[in-house]
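Hi,

Here is the structure I promised to pass on. Have a look through it first, and then read my notes below.

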Amino acid sequence: MTATSEYTAGLSGIKHPGLVQWVLEVASLCKPERVQVCDGSPAEYNEMIRAMVQQGTAIPLNEEKRPNSILVRSDPADVARVEDRTYICSRQREDAGPTNNWEDPEKMKAQLRDLFAGAMAGRTLYVIPYCMGPVESPLSKVGVELSDSPYVVANMHIMTRVGARVLERLGVDGEFVRGLHSVGAPLEGEAADSPWPNSKTKYICHFPETREIWSFGSGYGGNALLGKKCHALRIACVQARDEGWMAEHMLIMKLTNPEGVAKYVAAAFPSACGKTNLAMLVPTVPGWKVETLGDDIAWMRFGADGRLYAINPEAGFFGVAPGTSMESNPNALLTAASNSIFTNCAMTPDGDVWWESMTATKPANLVDWKRRPWTPQSGRKAVHPNARFTAPSRQCPVIAPEWESPAGVPIDAILFGGRRAKLVPLVTEAFDWQHGVFLGATCSSETTAAAAGAVGSLRRDPMAMLPFCGYNMGDYFAHWLKIGSTEGAVLPRIFYVNWFRQDDAGNFLWPGFGENSRVLQWVFDRCDGKANATDTAIGRLPEPADLNTSGLNLAPGTLEQVLAVDKAGWQGEIEPIRKHFAQFGDRMPAALSAQVDGLEARLKAGSCCCGSKHGK
Ligand code: GTP
Ligand code: SPV
Ligand code: MN
């Protein structure tokens with residue numbers, strides 16, 4: 001067993017006594033072989049890759065095809081976030097609310113201490129000081145992840161800012177989020193290590209009141225890269241509530257019109273519903289330009305001018321691989337052309353990666369994500385549907401030059417959305433902020449492979465934050481309303497979009513992807529009072545003539561179909577929405593319950609599609 005003094009030796013570079021003490025406490029509990037403080041250097045990144053290659057976790061890809069990149073295959077039992085193993089441990093159960101798993105913090109920690117005891121035997125405990133957001137930005141926050149996974153260290157290098165400059169920002173007494181992570185697979189005796197160590201027992205636990213995260217048993221994505229969902233959403237949204245800002249599951253994009261005027265748009269869609277696609281979209285409308293600032297998380301705070309300024313706390317993209325192609329998202333593919341980590345993708349005979357829809361013709365043979373030989377005749381998918389690439393944002397061909405601006409960018413419009421095969425129109429503008437919060441609070445979407453569990457079942461996913469809200473969602477709605485009533489606020493307009501409406505045969509009605517620029521143009525012009533909208537019971541909609549459709553080849557009637565407001569269908573939403581809101585009991589803001597009454601009244605009050613022209 002290693003003595004504490006040996007652990008101390010490795011920590012001499014840390015000037016923060018509170019951090020040193022915590023690392024020593026964790027080390028004496030988890031009993032790692034050694035402790036290593038990460039400096040974020042390329043040498044350290046290479047060391048992690050080497051360690052993973054040696055252990056059989058990673059395969060280096062062909063240097064000519066995919067320079068400085070690796071393929072990693074996980075345990076087939078550890079492939080996505082585990083929402084049923086994710087806990088919010090606030091002192092009061094009501095503060096976690098009905099949408100989160102809850103346990104008393106002390107009880108949970110007692111249980112976790114037993115699991116973490118000796119859990120890092122034979123492994124290195126990496127101390128990963130990271131910054132969410134540019135290190136010099138006042139909007140950024142520091143965290144430290146203690147992990148026994150080199151895969152986590154390498155991914156954190158790409159996804160966050162790691163190293164000495166973060167420790168410098170932290171100083172001797174700076175605040176930081178404490179994240180403890182173990183794959184939960186101690187190395188005992190002579191037994192060989194597994195290529196993807198993990199544990200059947202998994203716990204992803206958050207202690208929002210003490211800004212702590214304890215994650216045990218999984219090495220994958222949002223379960224293990226604690227800066228992402230655990231810190232930048234679940235803990236940060238609690239800090240944001242306390243400090244008057246917002247931490248949201250949103251992409252950030254810059255939209256420039258042919259006259260050279262730029263606006264910034266943030267958009268919240270549930271996991272695997274198209275944030276990465278929209279963030280990097282290639283517009284089909286001539287003269288328009290889209291640039292990317294972020295594809296998953298936005299932190300927003302009021303500036304002195306009353307506008308909401310957003311930063312992307314991340315430094316990389318952890319994007320869904322299958323479906324990503326030069327047709328659907330060339331910019332994502334080009335971002336991951338080098339210096340990237342591919343997880344649960346397939347490998348080609350010449351040492352590159354492949355996934356479904358990457359190329360029109362499937363390779364004649366592959367090694368699939370489960371390390372088995374694969375041919376197009378195999379009759380199964382070659383990659384896991386939640387296979388992902390980790391790629392540095394700075395490599396994105398359309399990264400906005402100001403993506404690391406310490407001040408952030410002023411947001412003009414917020415979009416909510418989800419996958420809805422029926423009912424929900426292509427785009428709807430909220431009447432005002434409160435109505436917009438109502439649209440966000442009632443967001444619903446068919447589930448995807450980003451989380452373990454059934455795919456395709458409809459669930460309410462308010463503001464796309466259902467799996468990521470670290471406190472009572474009723475209070476979270478109230479926080480949104482409070483933001484909207486801030487003195488002197490110049491608020492973004494709010495819209496609701498749905499690219500996924502289908503016909504009765506199950507075909508997407510709207511072509512989506514680059515064609516979504518037509519909807520963005522309408523959104524942009526609405527912000528400037530230059531586009532028409534018509535009031536309907538559910539919000540303000542464009543009529544077919546209000547959208548730029550030049551060059552768009554849609555079957556006659558299709559546009560009418562995607563913009564249709566099906567009154568009877570919407571009446572059928574009223575009861576489910578009331579039920580959805582009722583679960584929050586007295587934490588549910590009355591203003592939102594009043595919105596349901598308003599919607600019901602408008603639906604009853606005669607025609608909804610021939611409502612008043614709202615004009616510009
Ligand atoms: P997380 O990283 O999980 O938070 O998700 P994300 O929102 O970034 O997901 P991503 O952009 O990777 O979602 C990709 C999925 O959305 C794929 O299944 C795409 O085919 C689909 N998708 C994206 N844009 C469109 C669109 O305009 N139309 C249709 N029909 N599908 C789309
Ligand atoms: C999501 O599921 O929304 C993701 C991927 O962005 S993960 O980091 O695994 O949470
Ligand atoms: Mn996400």
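Which residues are the protein donors of the manganese ion (ligand 3)? Before I get to that, keep in mind that this is a predicted model.

The metal site

The manganese ion (ligand 3) takes Lys 229 through NZ, His 249 through NE2 and Asp 296 through OD as its protein donors, and they lie 2.1 to 2.3 Å from the ion. Along the sequence, these donor residues follow the spacing K-x19-H-x46-D. His 249 and Asp 296 link distant parts of the chain, being 47 residues apart. You'll find His 249 in the loop between strand E12 (246–248) and strand E13 (251–256), while Asp 296 is in the loop between strand E15 (289–294) and strand E16 (298–302). Both His 249 and Asp 296 are buried.

As for the geometry, six donor atoms surround the manganese ion (ligand 3), and the arrangement is octahedral because the angles they subtend run from 74 to 173°. For reference, the ideal angles for six octahedral donors are 90 or 180 degrees.

The sheet

There's also an open sheet of five strands to look at, in the order E2-E3-E19-E24-E18 and with mixed pairing. Strand E2 (58–60) and strand E18 (316–320) are its edge strands, each pairing on one side only. On average, neighbouring strands of this sheet are turned by 20° against each other, ignoring direction.

Ile 70 has Ile 341 in E19 as its bridge partner.

Cheers

Key:
Residues are numbered from 1 along each chain as its sequence is written. Chains are lettered from A and ligands numbered from 1 in the order in which they are written. This is a predicted model: local features need pLDDT of at least 70, side-chain atom pairs count only at pLDDT 80 or more; totals for chains, interfaces and linings use all residues. Side-chain values use heavy atoms; hydrogens and water are left out. Two strands pair if DSSP finds at least two bridges between them. Helices (H or I, at least four residues) and strands (E, at least two) are DSSP runs, numbered from the N terminus. Axes are lines fitted to C-alpha atoms, for helices over the stretch in contact, and angles run from 0 to 180 degrees between N-to-C directions. Donors are N, O and S atoms within 2.8 Å of the metal (3.2 Å for Na, K and Ca); water is not among the atoms, so sites may look incomplete. Four donors count as tetrahedral if all angles lie between 85 and 135 degrees; four count as square planar and six as octahedral if opposite donors are over 155 degrees apart and all others between 65 and 115; anything else is irregular. Buried means under 20% relative accessible area, exposed over 50%, partly exposed in between (1.4 Å probe, protein chains only).
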